[in-house]
Amino acid sequence: MSLNQRWNRVRAATGKIDLTFLLLRVFSLAGGVAWLLLVSLPPWEESLLIRALAAFFLYSLICYLVIFFRPALLKKVYLTSLFLDLAFLTILVHAATSFTSSFFLGYYLLICLHTIYFGLRFGLAVAVFSALFYLLSIWQILPQIDWTDLAMRIGFLFFLAVPVGLLSEKVKHDKEKVEHLNKTLESRVAQRTAEIAALLDRERYLREILNTVAHINKLLITSPNLTSLLESSCARFMQHGNYRFCWIGLLKNGVISEVYTADPARNPLVEPPFTVAAGPGPFAEVAAAVCLRENRTITRLVGEEPLDASLWRDPERVRGAKGVISLPLRARQDEEPSGCLAIYTWRREGFEAEEREMLDELAGDIGFAIDSFRQRELTTKLTAERTANYEETIFSFVDMIEQRDTYTAGHTERVAHYCGLIAREMKLPQAEKKRLYMAAVLHDIGKIATPDSVLLKPGRLTELDYELIKLHPRAGYEMLSNIEMYKDLAVIILHHHERPDGSGYPDGLVDEEIPLLSRIMAVADAFDAMTTNRIYKARKQLPQALAELEQLAGSQFNAEVVAVALKVLAGIEIPLHVNQLPFTELEKKRFSYFFNDRLTGLYNEDYLKIVLNNLESNRYSCLYLLHLRNLPEYNKRLGWDKGNKLFTRFAAELQAAFPRSLVFRAYGNDFAIISQDHLDLDSRLLKAFADISSTEIEIDAHHIDLTAEQLYTIEKLEKMEVTPAETL
């Protein structure tokens, strides 16, 4: 043990009186030394005093060394030093050889100190010993002393011991009483402190529960989906110091079919389903099953066995848990539960009453959130179905238009593509680009209300036709504006034919009054019209189309959009095969409405002109012109009715003989056959037709090679003639 540690033990074992003893010894030693130095003494007396002071110093030093190393011997040291002190005083008094020696006062001091320290009885004993030692010291001069003075001195030894002893006893009694009161107070304070500490611990614990509840309530608002909510809630519960495991089970058809934990990848529970109904099954009596079956909170405290042992892959996982609480999850108090929340605690006291109340309220909030998510999922599903129905309906209309005119279908796709290029260069937000694309796909949906006679008309439109066409933006708007998801698109479509100078339709808007996306669509729509073949108008080359856009910027088209279009459209590849010729059988039948000869059912001369004007795309290479001579004489002889029947039968024989070719009747007596492959025929072959062979009608056949990549024109002279346009 170090000196410092020993000193601390001495300080703990001694008090103020012990310090007084020490100081008195020091003062006594100092007084003896002073007397020796200042008073002139006889040699024998001086020698005696020196020996006495040395002895006093030595035994005092020994006493305090014993106390320093053995503080437990303190009282025994004091008793030993008492007799040494009495002997020392006796020697001093005797050395003074005077009845009036002041050293006698030392006896009073010893009596007072020991009476105060040890009590009345010990003080009286010290007084007795002091008297005896005093008498021994003055024994030689005893006959010379007045007995009254001696009695007075010795009597005062006892008189001093009695009041000091009584006072000491009272002080000790009061001290003991105070100490008892202090101990009682300390005990009460300690008890109260422990109670307050327990209350503070309980308050901190409940506050921690409250923080957990508050955090999970935030999750109820911020979680993007049900799975995230339930897994995050379990994770937050397990962040609580005493909740070391938590799981949430969802009820379906009487069983817990889905289980959520903080770490699904390492879920220690057995795989669901868990049986809820009462019976012999392994899960029927676990707390969660009872909770769901009885629709109430179930709290269980642990015994020696693990809680809900049948739920765990390894029951040791839950050994040491002190309790489990299972709470029903329900949207409303009076409803059947949709699931349960199970929390396991390792807290020795289990669950507090306030804690159970907070958890029960939180379980209600989670149950309400589960119901809300399910309702939201149902609403989302219904909305998606409704949206899908709307889209199916809308795109059915688009498909109807495409079925009516496949050219229109390709047109909408190209316009949507061009709109996307312009919008991307203008750095429009993604949402705006998506709106523009959808609007472009649907921009001609209003043409569903346009009559076939106008929509499919291959020639130039009349003023009335044009007025009917101008109705399609308004028709498209009215179709789409009543559908919530298409309202924004409807506005774009309504104004895609407006012009900055106010000459557009349907509302004559100008400049910034026209929505930006409508301005973009107007440019893309016009550009596609310029660069694709029409029956009545050949397409423009890319440089010509761009030049026309630039020329019309500011009047027909928005100048800013045109500037962007000139940049992004300059390098695109224009599809050369696009035209308005019929490709499907349905289109061919519809074209017959405009181009069939009413008598024979063959194509008429108008359609022949169209085919000849579009040789670049239709790939026809062989043309035969047939002229029927002597037909007027036949009609005069047999009548017009017979002549018409002859025409009808002859047309049927032509179609049967050339099924892969286009057959035309033009200008009464003239017919034409166009084929992609070369045909070998002459007048004799045609004269062999049954309906011609028995008549006086002759057939002139003239072949034209269409592979020269020339444009042709048709004129009716004496008979139909087809001539290269550049020779005219």
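1. Start with Ser223, which touches Ser228, Leu229 and Phe373 once residues up to four places away in sequence are set aside; a contact here is heavy atoms within 4.5 Å. Ser223 is found in the loop between helix H7 (147-222) and helix H8 (226-239). Helices (H or I, at least four residues) and strands (E, at least two) are DSSP runs, numbered from the N terminus. At 7% relative accessibility, Ser223 counts as buried, where buried is under 20% relative accessible area, exposed is over 50% and partly exposed is in between (1.4 Å probe, protein chains only). Ser223 and Ser233, 10 residues apart in sequence, have their C-alpha atoms 9.9 Å apart.

2. Before you go further: this is a predicted model, with local features needing pLDDT of at least 70 and side-chain atom pairs counting only at pLDDT 80 or more, while totals for chains, interfaces and linings use all residues. Residues are numbered from 1 along each chain as its sequence is written, and side-chain values use heavy atoms, with hydrogens and water left out.

3. On the whole chain, there are 26 helices and 12 strands. Of its 728 residues, 43% count as buried. Among contacts with a separation of 6 or more, 66% come from residues 24 or more positions apart.

4. Now the H5/H6 pair. Helix H5 (residues 105-118) and helix H6 (residues 120-137) pack at about 160 degrees, with axes 8 Å apart; axes are lines fitted to C-alpha atoms, for helices over the stretch in contact, and angles run from 0 to 180 degrees between N-to-C directions. That makes H5 roughly antiparallel to H6, given that angles under 35 degrees count as roughly parallel, over 145 as roughly antiparallel, 65 to 115 as roughly perpendicular and the rest as oblique. The residues of this contact divide into 10 nonpolar, 5 polar and no charged. For the classes, Ala, Val, Leu, Ile, Met, Phe, Trp, Tyr, Cys and Pro count as nonpolar, Asp, Glu, Lys and Arg as charged, and the others, Gly among them, as polar.

5. Compare helix H12 (residues 430-442) with helix H17 (residues 516-530): they pack at about 50 degrees, axes 10 Å apart. That makes H12 oblique to H17. In this contact you get 6 nonpolar, no polar and 2 charged residues. Glu432, Arg435, Leu436, Ala439 and Ala440 are the H12 side, meeting Leu517, Ile520 and Met521 in H17.

6. The loop between strand E2 (255-260) and strand E3 (274-275) holds Thr261. Thr261 is buried, with a relative accessible area of 3%. Leaving aside neighbours within four places in sequence, its contacts are Glu231, Cys234, Phe245, Cys246, Trp247 and Asn267. Pro273 is also in the loop between E2 and E3, and the peptide bond from Pro272 to Pro273 is cis, with omega near 15 degrees.

7. A few backbone spots to check by eye. Most residues other than glycine have a negative phi, and most peptide bonds are trans. In the loop between helix H16 (487-494) and H17 sits Pro506, and the bond from Tyr505 to Pro506 is cis, with omega near 10 degrees. Asp511 is in the loop between H16 and H17, has a positive phi near 45 degrees and is partly exposed at 44%. Asp308, in the loop between strand E4 (298-301) and strand E5 (323-329), has a positive phi near 50 degrees and counts as buried at 9% relative accessibility.
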